[in-house]
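Welcome! Please take a moment to look over the model below, and then we will walk through it topic by topic.

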Amino acid sequence: MVFNLPVLLTWMRIAFIPLLVFLFYLEAPWAPLAAAILFGIAGLTDWADGYLARLWQQESRFGAFLDPVADKLIVAVALILLVEREVNVWITLATVIIIGREIVISALREWMAESGNRSKVAVAFIGKLKTTAQIIALICLLYNQDLFGVLPLREIGLVALAVATVLTVWSMVQYLRSAFSS
């Protein structure tokens with residue numbers, strides 16, 4: 001197993017999950033902000049671990065495996081927490097679509113790797129847009145309050161979640177087309 005800063009940043013994202021759950025349920029006035037900041041830091045580490053691994057030439061098969069697992073785990077947990085709090089059909093539907101897509105694409109990547117065609121389902125730019133929209137949505141929805149009494153973060157989060165859901169479906173269709181194009 002490889003241990004370097006990029007891999008440690010990925011492990012940190014996984015370690016944040018219980019803390020995120022704790023902060024989400026903590027009944028303190030500062031807890032929603034702390035949960036949103038924690039998730040935002042996790043989003044930054046998602047970018048930083050890959051950037052640093054490439055910059056320092058510390059890319060590894062283990063890191064390439066662990067990074068998407070960490071991403072999917074923390075996003076799925078955040079979405080499930082929101083579903084429980086919101087009891088809203090649209091947030092629930094978005095959650096089902098996003099988590100369902102991740103399961104389908106993970107299985108597709110594994111299948112394509114076994115058949116020697118992993119490059120056909122490599123991460124595409126639309127996947128990066130989807131991830132960015134998800135991170136913005138989840139930060140806003142975890143905080144769930146107006147920022148400085150002016151900026152409606154909840155509404156921004158709902159719009160970003162809708163965008164992320166559309167990009168989720170779009171990217172899944174692209175991955176499936178690419179995988180089955182031959």
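How much space lies in the second largest pocket? About 150 Å³ lies there. Before going further, note that this is a predicted model, in which local features need pLDDT of at least 70, side-chain atom pairs count only at pLDDT 80 or more, and totals for chains, interfaces and linings use all residues. Residues are numbered from 1 along each chain as its sequence is written, and side-chain values use heavy atoms, with hydrogens and water left out.

**The pocket**

- A pocket is an open set of points on a 1 Å grid over the protein atoms alone, where a 1.4 Å probe fits, with protein on both sides within 12 Å along at least five of seven lines; lining residues have an atom within 4 Å of a point.
- Its volume is the space filled by probe spheres set on the points, which are joined across faces, edges and corners.
- The lining of the second largest pocket includes Asn 88, Trp 90, Ile 91, Leu 158 and Thr 165.
- Two elements give two or more residues to the lining of this pocket: helix H4 (89-114) and helix H6 (153-179). Helices here are DSSP runs (H or I, at least four residues), and strands are runs of E (at least two), numbered from the N terminus.
- The lining has nine nonpolar residues, two polar and no charged. Here Ala, Val, Leu, Ile, Met, Phe, Trp, Tyr, Cys and Pro count as nonpolar, Asp, Glu, Lys and Arg as charged, and the others, Gly among them, as polar.

**Aromatic rings**

- Rings of Phe, Tyr and Trp (its six-membered ring) pair if their centres lie within 6.5 Å; planes under 30 degrees apart count as stacked, over 60 as edge-to-face and the rest as tilted.
- By this rule there are five aromatic pairs. One of them joins Phe 24 and Tyr 25 edge-to-face, with 5.2 Å centre to centre and 85° between the planes.
- Phe 24 is buried at 15% relative accessibility, whereas Tyr 25 is partly exposed at 45%. The cut-offs are under 20% relative accessible area for buried, over 50% for exposed, and in between for partly exposed (1.4 Å probe, protein chains only).
- Trp 111 and Phe 180 form a tilted pair, 5.5 Å centre to centre with 40° between the planes. Trp 111 lies in helix H4 and Phe 180 in the segment after H6, so the pair ties together parts 69 residues apart in sequence.
- Ring pairs also link Trp 11, Phe 62 and Phe 65 into a cluster.

**The nonpolar core**

- A nonpolar core is a set of buried Ala, Val, Leu, Ile, Met, Phe, Trp, Tyr and Cys residues joined through side-chain atoms within 4.5 Å.
- The largest one has 29 residues, and Leu 20, Phe 39, Ile 74 and Leu 161 touch the most other members.
- Among the helices that each supply at least two residues of this core are H1 (5-25) and H2 (31-55). Helix H5 gives the largest share, seven residues.
- Cys 140 belongs to helix H5 and is buried, with a relative accessible area of 7%.

**Positive phi in the loops**

- Val 87 has a positive phi of about 45° although it is not a glycine. Val 87 sits in the loop between H3 and H4 and is exposed at 72% relative accessibility.
- Phe 148, also not a glycine, has a positive phi of about 60°. Phe 148 is in the loop between strand E1 (146-147) and strand E2 (151-152), and at 75% relative accessibility it counts as exposed.
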